[in-house]
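Subject: Structure for you, with notes

Hi,

Here is the structure I promised to pass on. My notes on it follow just below.

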Amino acid sequence: MSLDSYVHFMRMATKLARYALDHGETPVACIFVHTPADQVVAYGMNDTNRSLTGIAHAEFMGIEQIQSKFGAQDTSIFKDITLYVTVEPCIMCASALKQLGIQKVVFGCGNERFGGNGSILSIQKDSCTAPQNKHISVPGILRKEAIMLLRYFYVRENERSPKPKAKANRKLDVSTFPPIDWSLYLTREEFKDILGSEYLSHYDEKLDLSKTVDWGLIDGNYDDFFLNIKQQCDQFSLQVPKKLKQENCR
């Protein structure tokens, strides 16, 4: 799979994360792509503020959609699904995804406190839980955009926080980004196989795949996009013979 394909689908997840931010949620979002059909089958956004439920993470919201459509007992569809999520799944979500047998996880920025795909634990490679299920986890796709959306959120007041803290003195950093330690997630050979030898210098020097931030992407309004992606997911069927036009998702 090419880097362009990864970016194409991560752009969708990033738009949903911006939509979540604009509607009072932490800007973390995901889409579940049925790989053989190259179609979005489900989506998820954090719902912790609205629901006041600590486990209402984006990945769980998407999993619930898939199980509502295809049943909770038969998890075989997950072996054909790639998850694109703006922030590395936490340990809880990473464990759930592994037990369901997800095919692949692609994410934007790492989760330095709770990351379950390399930052803290590498559950996708773990042999203790569901040892028959292992998958590749690809980090760093639109990482800067994911980081910026989180920064947007954290300079705002979170009215749902038990003890809101004044953030008036916080300044939005739009120019500096921490290095990405690719070796936490992929060996050098895995990185080469997945992203190509032309990017090996980024691996060695802990650089992002892109030097710039796509401000147009993260500063857009995506109310219409949300309705469109919801409609596509509602219409998805394993019997659909041809894929929906990708330009409708852009």
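Ala130 counts as buried, at 16% relative accessibility; buried means under 20% relative accessible area, exposed over 50%, and partly exposed in between, with a 1.4 Å probe and protein chains only. Ala130 sits in the loop between E4 and strand E5 (136–138), where helices (H or I, at least four residues) and strands (E, at least two) are DSSP runs numbered from the N terminus. Its phi is positive, about 45°, although Ala130 is not a glycine. Most residues other than glycine have a negative phi. Leu142 is another non-glycine with a positive phi, of about 55°. Leu142 belongs to the loop between E5 and helix H5 (143–154) and is buried, with a relative accessible area of 15%.

Before going on, two remarks on the basis of all this. This is a predicted model, in which local features need pLDDT of at least 70 and side-chain atom pairs count only at pLDDT 80 or more, while totals for chains, interfaces and linings use all residues. Residues are numbered from 1 along each chain as its sequence is written, and side-chain values use heavy atoms, with hydrogens and water left out.

Now to the strands. All 7 of the 7 residues of strand E3 (residues 81–87) are buried, so E3 is largely enclosed by the rest of the structure. E3 runs antiparallel to strand E1 (residues 29–34), with 5 bridges joining them; two strands pair if DSSP finds at least two bridges between them. Within that pairing, Leu83 in E3 stands opposite Phe32. With strand E4 (residues 104–109), E3 pairs in the parallel sense, again over 5 bridges, and Tyr84 has Val106 in E4 as its bridge partner.

Between E3 and E4 comes helix H4 (residues 91–100), and the three make a right-handed β-α-β unit (right-handed if, with the strands pointing away from the viewer, the path from the first strand over the helix to the second runs clockwise). Of the 10 residues of H4, 7 are buried, so the helix is largely enclosed by the rest of the structure. Those buried residues include Cys93, Leu97 and Leu100, and they pack against E1, helix H3 (58–70), E3 and E4. Just after H4, Gly101 takes a positive phi of about 85°. Ile91, also in H4, is partly exposed, with a relative accessible area of 30%.

Further along, Phe226 in helix H9 (residues 223–235) is buried, with a relative accessible area of 12%. Leaving aside neighbours within four places in sequence, Phe226 is in contact with Leu16, Tyr19, Tyr43 and Met45, contact meaning heavy atoms within 4.5 Å.

Last, the charged pairs. The structure holds 8 salt bridges, each a side-chain nitrogen of Lys or Arg within 4 Å of a carboxyl oxygen of Asp or Glu. One of them joins Asp219 and Arg18 (3.7 Å, N to O). Asp219 lies in the loop between helix H8 (215–218) and H9, and Arg18 in helix H1 (residues 3–22), so the pair ties together parts that are 201 residues apart in sequence. Arg18 is buried, with a relative accessible area of 11%, whereas Asp219 is partly exposed at 42%. Another salt bridge links Asp204 and Arg188, with the closest N and O atoms 2.9 Å apart. Asp204 is in helix H7 (residues 200–205) and Arg188 in helix H6 (residues 188–195), 16 residues apart.

Best wishes
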